[in-house]
Each structure stands twice: as C-alpha cells, then as structure tokens.
Amino acid sequence: MKLIWNVIVGFILINLLAAAVFVAWLYSDGRISKERIDQVVDTFRLTIAEEQAQAAEADKLAEQTQKQLEQQARLESTAQGPVTLRQRLDREQQTDEMALAKLQLHNEQNKALRDEMARFQADYNKRAATLEAERAAFEKWVQDYADQTRDENFLQVVGLYEKQPPKLTKQAFQTLIQNGQEDQVVEYLAAMSSRKASSVLSEFKTPAEVMQAASLLEKLRTRGEYTMDQQNTTTEDQSS
C-alpha cells in the first residue's frame, strides 16, 4: 500500500516538474506573459452568457452615443441654417446685381455703337449724295462744253465749205469719203443751205461721182426720216 502511494506521489511530482519546466519554456520563448495570463483569467472569470450580455450592453451604449452625436450635429446644423441661407441669398443677390449691371453696361455700349453707326451712315449718305450731284454737274458741264465746242467747230467748218467754190468743197468731200467719213459729209451737207448743197452736188459729174452723189442724197433722205422719228419719240417721252 505504501509502495502504491509513493508511486502516485512520484508521478504527481514528475508532472508538476514537467509543467513547471513547460511554463518556464513558454516564458523564455515569449509565448506567455502576465497580460496573457490575466486575459485567460478574465476569460474564465465570466460565463459565456455574461460575456454576451456585456457585449450587447456595450453595443447598445455605443449606438446610443452615436445617435446622441448625430442629434447634436443636426441641432447645430439647424441652429446655423438661417445664417447660412441668408449668406447664400446675399451672395446670389450680389451675383444677380453684378450680372444686371454688366447687362446694362453691355446694352448701353450697344446703343452707343448703333447711334454712332447711324450717324456714320447718315453722314456717308449725305456725302455720297453731294458727291453724286457734283459728279453729275461736272459731267453735264463737260458734255455741254463738248457739245458747244463741237457745234461751234462744226458750224465754223460748214461756213468755210459754204464760202469756198463748190468745186473745192466737192474735192474736200471726196477726200472725206475716201477716208471712210461719208456720214460726216452727209452732216455737212445737211447743215449747209439747200442752194450751197445743190451747187456742191452738181459738181459730181462723172459716172462714179454721180454714184457718190446719189449715195449722199439717199443718206440725206434717211437721215431726215431718222431725225424726224427721233424728235417725235423725244416729244412723246416729254409728254408722258
């Protein structure tokens, strides 16, 4: 009996020694510490149900705290709301006033530009009308002067043809005809008196000269018809 007891005590001592050695190894190896032991102790101090109850209580407390913080934030936002809204409205009003001022300035500038363009157009039209009137007057003066000079020179030449002998006038007319100025000869004959024109044409005696005289007389006849038609048309236009 004593032997069995000694064996049991020895076995226990051996296990305790082994446990001590194992714990010492864990300490030396850094696998356990006082904090870990305290955690293990705390773990086994409470039951699982108590631990769950404590966790639920902590979650509930955290939720309540979060709600309180959110409620406080809403209250602060509401308290500052009117001030922020007033400031925003003031900024929008200032922006609208600036935009309105810019638009008004733009309209004034456009109006000034349109007025300036209207004055420029009116001045341009006035100057253009004056220039056109001056141009027309100048062209009329040039035309009148040319007509007067031409008429004076023409009548002077006709007078010279009438004063010289008919034979010399015939020779001069033949020279003009040879130079392709038969129409000019017709104008001279038309401006001369009938007696002087007849005396000049009577100098055309050879068959070739008679043909020239006949052509001149035909052109004198058609010229008279054309002149009469032109005068009638001018009279009708003036009457209209």
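This is a predicted model: local features need pLDDT of at least 70, side-chain atom pairs count only at pLDDT 80 or more; totals for chains, interfaces and linings use all residues.
Let's start with confidence. The chain has a mean pLDDT of 78, with 73% of its residues at 70 or more. Helix α4 (residues 166-178) comes out highest, at a mean of 93, while helix α2 (residues 34-45) is lowest, at 65.

Then there's the stretch at residues 226-238, where pLDDT stays under 50 and the model shows zero contacts beyond four places in sequence.

## The nonpolar core

Now for the inside. The largest nonpolar core is made of 16 residues, and F173, V185, L189, M192 and L216 have the most contacts inside it. Two or more residues each come from α3 (48-163), α4, α5 (182-191), α6 (194-201) and α7 (207-239). The top contributor is α5, which gives four residues.

M192 is a handy one to click on. Setting aside its neighbours within four places in sequence, M192 is in contact with V158, Y161, E162, F173, A197 and V200.

What does the side chain of E182 join through a polar contact? The partner is the side chain of S215, at 2.7 Å. Leaving out neighbours within four places in sequence, E182 is in contact with S215, along with L176, I177, L216 and K219. L216 also turned up above, among the core residues with the most contacts.

Terms used:
Residues are numbered from 1 along each chain as its sequence is written. Side-chain values use heavy atoms; hydrogens and water are left out. pLDDT is the predictor's confidence in each residue, from 0 to 100. Contact means heavy atoms within 4.5 Å. A nonpolar core is a set of buried Ala, Val, Leu, Ile, Met, Phe, Trp, Tyr and Cys residues joined through side-chain atoms within 4.5 Å. Buried means under 20% relative accessible area, exposed over 50%, partly exposed in between (1.4 Å probe, protein chains only). A polar contact is a pair of N or O atoms within 3.5 Å; within protein, one must be able to donate a hydrogen and the other to accept it, and residues adjacent in sequence count only if both atoms are side-chain atoms.
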